[in-house]
Amino acid sequence: MDMEEMQFPDRSFDTIVSTLSMCSYERPSVVLEKINRWCKPDGQILLMEHGISTNLPLSLIQRTLDPLLHRTVGCHFTRNIPALVHQSGIEIVSSESRWMNMVHLIRGKPGEV
């Protein structure tokens with residue numbers, strides 16, 4: 001089932017893990033808001049996602065290639081993952097950016113719903 005369509009009761013899971021998937025959702029903010037709701041208050045949210053680099057030359061290449069890559073592999077390479085996580089209400093406990101600031105390792109916990 002498509003994650004955007006899935007339904008679970010709030011506060012159902014101790015740990016939620018997402019790896020390299022936020023690029024493919026039509027509405028990643030909706031998915032992250034659901035993850036925030038589905039995680040128990042003392043639970044953890046572990047994300048490894050890729051997105052737009054803070055390296056200007058690389059980000060220009062990503063923006064140029066994004067339409068083609070979305071059509072061919074269904075992936076958006078230009079999403080600002082840390083900003084999406086922050087906007088979802090998930091509280092970021094720790095965050096690392098790797099590989100020219102394109103891959104984000106985020107450990108979070110549910111914020112206020």
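A residue is called buried under 20% relative accessible area and exposed over 50%, with partly exposed in between. The coordinates under discussion belong to a predicted model. Asp-14, with a relative accessible area of 49%, is therefore partly exposed. Asp-14 is located in strand β1.

Leaving aside residues up to four places away in sequence, Asp-14 touches Cys-39, Lys-40, Gly-43 and Gln-44. With Lys-40 there is also a polar contact between the side chains, at 3.3 Å. The C-alpha atom of Asp-14 is separated by 7.4 Å from that of Asp-42, although the two residues are 28 apart along the chain.

## Gly-43 in strand β2

Gly-43 belongs to strand β2. Its relative accessible area is 11%, and because buried means under 20%, Gly-43 is assigned as buried. Beyond residues up to four places away in sequence, the residues touched by Gly-43 are Asp-14, Gly-108, Lys-109 and Pro-110.

In soluble globular proteins, nonpolar side chains tend to be buried together. In this model, the largest nonpolar core comprises 16 residues, and Met-22, Leu-32, Ile-35 and Val-85 are those with the most contacts inside it. At least two residues of this core are supplied by each of α1, β2 (39-50) and α3 (81-88). The largest share, four residues, is contributed by α1.

Val-85 illustrates the contacts involved. Not counting residues up to four places away in sequence, Val-85 touches Leu-32, Leu-47, Ile-90, Ile-92 and Ile-106.

## Packing of helix α1

Which residues of α1 are buried? They are Pro-28, Val-31, Leu-32, Lys-34, Ile-35, Asn-36 and Trp-38. These buried residues pack against β1, β2, α3 and β4.

## Aromatic pairs

A search of the whole structure returns two aromatic pairs. In one of them, Phe-8 and Phe-13 are arranged edge-to-face, with 5.1 Å from centre to centre and 85° between the planes. Both partners are partly exposed: the relative accessible area is 32% for Phe-8 and 29% for Phe-13.

Phe-8 also pairs with Trp-38; here the ring centres are 5.0 Å apart and the planes stand at 90°, so this pair is edge-to-face. It links distant parts of the chain, since Phe-8 is in the segment before β1 (13-19) and Trp-38 is in helix α1 (residues 28-38), 30 residues apart. At 2% relative accessibility, Trp-38 is classed as buried. Through these ring pairs, Phe-8, Phe-13 and Trp-38 are linked into a cluster.

## Cysteines

How many disulfides are there? The count is zero, where a disulfide would require a pair of cysteine sulfur atoms within 2.5 Å. Cys-23 is buried, with a relative accessible area of 6%. Cys-39 is likewise buried, with a relative accessible area of 0%, and is among the residues touched by Asp-14.

Most residues other than glycine have a negative phi. Against this background, two residues deserve mention. Met-100, a residue other than glycine, has a positive phi near 60°. Asn-101 is not a glycine either, and its phi is positive at about 60°.

Met-100 is found in the loop between β3 (91-98) and β4 (103-109), and Asn-101 lies in the loop between β3 and β4. Met-100 is partly exposed, with a relative accessible area of 49%. Asn-101, at 31% relative accessibility, also counts as partly exposed.

Notes. Residues are numbered from 1 along each chain as its sequence is written. This is a predicted model: local features need pLDDT of at least 70, side-chain atom pairs count only at pLDDT 80 or more; totals for chains, interfaces and linings use all residues. Side-chain values use heavy atoms; hydrogens and water are left out. Buried means under 20% relative accessible area, exposed over 50%, partly exposed in between (1.4 Å probe, protein chains only). Rings of Phe, Tyr and Trp (its six-membered ring) pair if their centres lie within 6.5 Å; planes under 30 degrees apart count as stacked, over 60 as edge-to-face and the rest as tilted. A nonpolar core is a set of buried Ala, Val, Leu, Ile, Met, Phe, Trp, Tyr and Cys residues joined through side-chain atoms within 4.5 Å. Contact means heavy atoms within 4.5 Å. A polar contact is a pair of N or O atoms within 3.5 Å; within protein, one must be able to donate a hydrogen and the other to accept it, and residues adjacent in sequence count only if both atoms are side-chain atoms.
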